[in-house]
Amino acid sequence: MVAWEVTRSCNLACAHCRASSVSGPYAGELDTAACRRLLDEIAAFSQPVIILTGGEPLLRPDIWEIAAYGDRKGLRMVMATNGTLVTEEVAKKMLAAGIRRVSVSLDGPDAESHDRFRRVTGAFVGALAGIEAMRRVGMEFQINTTITRDNLNHIKEIHDLALKIGAAAHHIFLLVPTGRAKELAEQEISAEQYEQTLEWFYEQSLACPIQLKATCAPHYYRIFHQRGGGLNREATGHPLNAMTRGCLGGVSFCFISHTGQVQPCGYLELDCGQIKKTGFHDIWNQAPIFQDLRNLGLYKGKCGGCEFIRVCGGCRARAYEKTGDYLAEEPYCLYQPQRKPKVGQHG
């Protein structure tokens, strides 16, 4: 999967967002021709899911041209939006441009809680209106929820709301306090709450009529295996549903910023290459940081000695934020590996 920040401009100012602020346009954003070239480069050697994100991607005037071009190249185009700009007309344009699924974030079960997080009055009502517009025209959508201390006790209500409004999936994201979200460091749930939340989420998955997936929560895949799951149990259907591995950054996922900087993920802001200077194929295959992340033998501390390293891997962004080392052990993991770390992996 490739998450592509097609613009940093946004109409909201969400507390947790990696983007800097409302406003724009931002200097250095790729023009339409550069966007086409990037999609050409990606399609020349792979066919990943392309997540058109931002900012708010609907603020980009040529977004339909970009989406349709990627679709014609055989790429699976999806979109992440806050939903407030989606009307029935916009939803029809999504379908016409080849968008296969749209994610909309709901971080509270009601206007008070969601709007407080999004920092814009009316964001909740606007998101639900956008979702209803997509539902009417047959545009598949999923709900994304970033879990913090503020909404942890409301996660079941949010999940029930996702079911009620007809979402195809509910994906939870565990807050990663980097970028603007550093302001929310105190909102990060504890390691114990982290574990309890993922255990609860696994329980819901056993009988839930829609697909559930935990993102930025690699421990879920360890729990999934401990509780008797397997990687193939939910690996069918939409590629966004695939249960593959915990931290995918630099392994089977990357992030491209609005200026063309390639990173392992949106939260691990390490320069792995600039597409204005180097082809995407070369960055993906040759970037030293990507090579490190793909070599599990380099992982340190508990992660380096853990029997679940291949299915979890620990959050590399959290490790980097806490230690300055993206190969260090995941700081929010309570699990004690059953085998000892290798010599030299206690860092």
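Arg-318 and Glu-188 form a salt bridge in which the closest N and O atoms are 3.7 Å apart, a salt bridge being defined as a side-chain nitrogen of Lys or Arg within 4 Å of a carboxyl oxygen of Asp or Glu. This pair links distant parts of the chain, since Arg-318 lies in helix α12 (residues 316-323) and Glu-188 in the loop between β6 and α7, 130 residues apart; helices (H or I, at least four residues) and strands (E, at least two) are DSSP runs, numbered from the N terminus. Arg-318 counts as buried at 3% relative accessibility, and Glu-188 likewise counts as buried at 8%, where buried means under 20% relative accessible area, exposed over 50% and partly exposed in between, with a 1.4 Å probe and protein chains only.

The model is a predicted one, in which local features need pLDDT of at least 70 and side-chain atom pairs count only at pLDDT 80 or more, whereas totals for chains, interfaces and linings use all residues. Residues are numbered from 1 along each chain as its sequence is written, and side-chain values use heavy atoms, with hydrogens and water left out.

## Other salt bridges

By the rule stated above, the count comes to 18 salt bridges. One of them joins the side chains of Glu-5 and Arg-8, with an N to O distance of 3.6 Å; Glu-5 is buried, its relative accessible area being 1%, and Arg-8 also counts as buried, at 14% relative accessibility.

Another joins Arg-135 to Glu-132, whose closest N and O atoms are 2.6 Å apart. These two residues are separated by about one helical turn, because they stand 3 residues apart in helix α5. Arg-135 counts as partly exposed at 44% relative accessibility, and Glu-132 is partly exposed with a relative accessible area of 29%.

## The buried side of helix α6

Which residues of helix α6 (residues 155-164) are buried? They are Ile-155, Ile-158, His-159, Leu-161 and Ala-162. These residues cover an arc of only 160° around the axis, which puts them on the same side of α6; the arc is that of the directions from the helix axis to the C-beta atoms.

The buried residues of α6 pack against α5 (123-137), β5 (141-147), β6 (169-174), α7 (191-205) and β7 (211-215), with contact taken as heavy atoms within 4.5 Å. After α6 comes Gly-166, which has a positive phi, near 90°.
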